[in-house]
Amino acid sequence: MGISTDAEDGVRRTGSVSHIGNKHKRQDMYQKYRKEKAKRKLQRRLKLAKDERSSKEGKMRRKERLATSKPRTIENTRDFNPTVLNVPNTHEVPAWMEAQQRPEPADRHNDDEEEEEDGDDDNDEEDVDDDIDEEEGEEGEGPEEKSNDTEPVVQVEDEQEEVQDPQLAKYEVDNDPTAPPAILITTSLPSNATSPHLLSANARSHPAEAVREFVKELLNVFPGAEYRPRAKAQGAGLGKICRWARARRYDAVLVIGESNKKPCSLTLVALPLGPTALFRLTSVSLGKDIFGHARPTPHTPELVLNNFTTALGHRVGRLLQHLFPLVPQLEGRQVVTAHNQRDFIFFRRHRYEFRSPEKAALQEIGPRFTLKLHSLTSGLPKGAGAWDGRFVDELEESPAAAQRASAEDVDAAEYSTNDGVEFKWKPKMSVSRRNFYL
């Protein structure tokens with residue numbers, strides 16, 4: 001059974017094959033339509049490219065075409081988010097984000113009115129300029145006036161920094177910007193299901209080889225990091241570990257989760273006030289597995305945070321910022337980058353070198369991994385207890401059994417520092433690929 005030429009022409013034009021009764025014939029006709037369509041598209045693009053290369057007018061048309069044609073991507077079609085604080089700096093943004101960064105028309109109108117009023121009072125401005133010139137001619141008066149004008153501004157900025165960043169002045173000790181934060185790195189406690197033949201918690205707390213290698217890489221990344229095996233905690237929970245670290249002036253606690261003998265999660269606890277962030281850890285590559293990798297040095301790296309645009313993204317970025325000193329050692333030429341792209345945080349470490357006055361090269365050091373925020377909780381994990389603001393000596397021995405019992409009584413529910421969940425990822429949040437939270 002065949003089809004008429006009119007039907008074939010209709011298939012070539014529209015691609016509709018629903019009027020063909022035979023299934024195999026219908027499939028053949030549709031595949032033929034797809035091939036002819038791709039062939040016509042290729043011929044059209046080749047002809048356009050030839051016309052644009054042939055003359056100057058074609059080159060001008062090509063520039064205009066590239067300037068006006070904007071590809072439709074997930075980034076520039078992002079859903080509206082009212083918590084956006086700044087636009088990304090690595091890709092195009094949707095129109096509603098650009099509108100937020102523009103100044104309001106009312107402000108422009110007020111500025112124009114002020115300029116017109118200033119223009120009317122030209123004589124007054126000339127008198128003021130003459131007075132300023134006379135004052136500048138006198139010795140000592142100009143700098144004093146400038147210093148008086150700048151003093152209250154500096155005080156206001158200092159007050160704002162204290163309010164916005166309480167973690168920087170939490171310990172009331174020497175504020176050395178070059179001192180690395182003290183970070184305690186440990187591992188998670190595997191469950192009985194993964195190792196049922198081990199009855200004691202200490203025997204189950206030994207991490208796998210892949211986890212130990214990843215911890216060694218993190219010790220090279222963070223200058224003030226220190227690793228303590230989970231077996232030394234003697235089965236204590238994360239809350240008690242945070243309480244112990246808080247009393248000994250640690251700035252953060254990093255817990256590497258293990259699943260199937262591989263690192264699977266990263267828990268970051270900022271001390272002494274919190275918050276606590278849980279990240280899913282994927283795509284882990286150690287430095288030795290990266291082709292052409294560079295060797296690390298003990299220098300303090302620079303930190304680059306990209307595309308943390310929302311209020312939640314700024315909070316996560318500040319958590320990562322507290323893991324590094326405020327002032328890096330530039331002679332080491334090491335850069336740590338935390339790049340946020342579609343709520344995935346890509347962690348990279350490079351060393352840059354200037355091969356010429358105009359060009360710079362990057363050599364990756366490692367490790368590289370990807371973080372996905374799953375939960376953010378204000379405060380510390382349950383069991384940390386309330387902080388009285390006091391510390392213990394690092395060389396002080398562990399408390400007696402009676403003191404341990406009294407400490408466990410303090411961990412009641414009313415003294416828990418876990419204030420609530422600020423962010424909790426759920427599978428339904430990924431239904432829309434254009435809805436980002438960081």
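Does Phe354 count as buried or exposed, and at what relative accessibility? At 62% relative accessibility, Phe354 counts as exposed, where exposed denotes over 50% relative accessible area, buried under 20% and partly exposed the range in between (1.4 Å probe, protein chains only). The model is predicted, so that local features need pLDDT of at least 70 and side-chain atom pairs count only at pLDDT 80 or more, whereas totals for chains, interfaces and linings use all residues. Residues are numbered from 1 along each chain as its sequence is written, and side-chain values use heavy atoms, with hydrogens and water left out.

Aromatic contacts were assigned to rings of Phe, Tyr and Trp (its six-membered ring) whose centres lie within 6.5 Å, with planes under 30 degrees apart counted as stacked, over 60 as edge-to-face and the rest as tilted. Phe347 is buried at 8% relative accessibility, and Phe369 is buried at 2%. Tyr352 and Phe354 form an edge-to-face pair, 5.5 Å centre to centre with 70° between the planes, in which Tyr352 is buried at 16%. Ring pairs also link Phe214, Phe347 and Phe369 into a cluster.

Strands and helices are DSSP runs numbered from the N terminus (strands E, at least two residues; helices H or I, at least four), and two strands pair if DSSP finds at least two bridges between them. Strand 5 pairs with strand 10 (residues 368-378) in the antiparallel sense over eight bridges, with Thr282 opposite Thr370.
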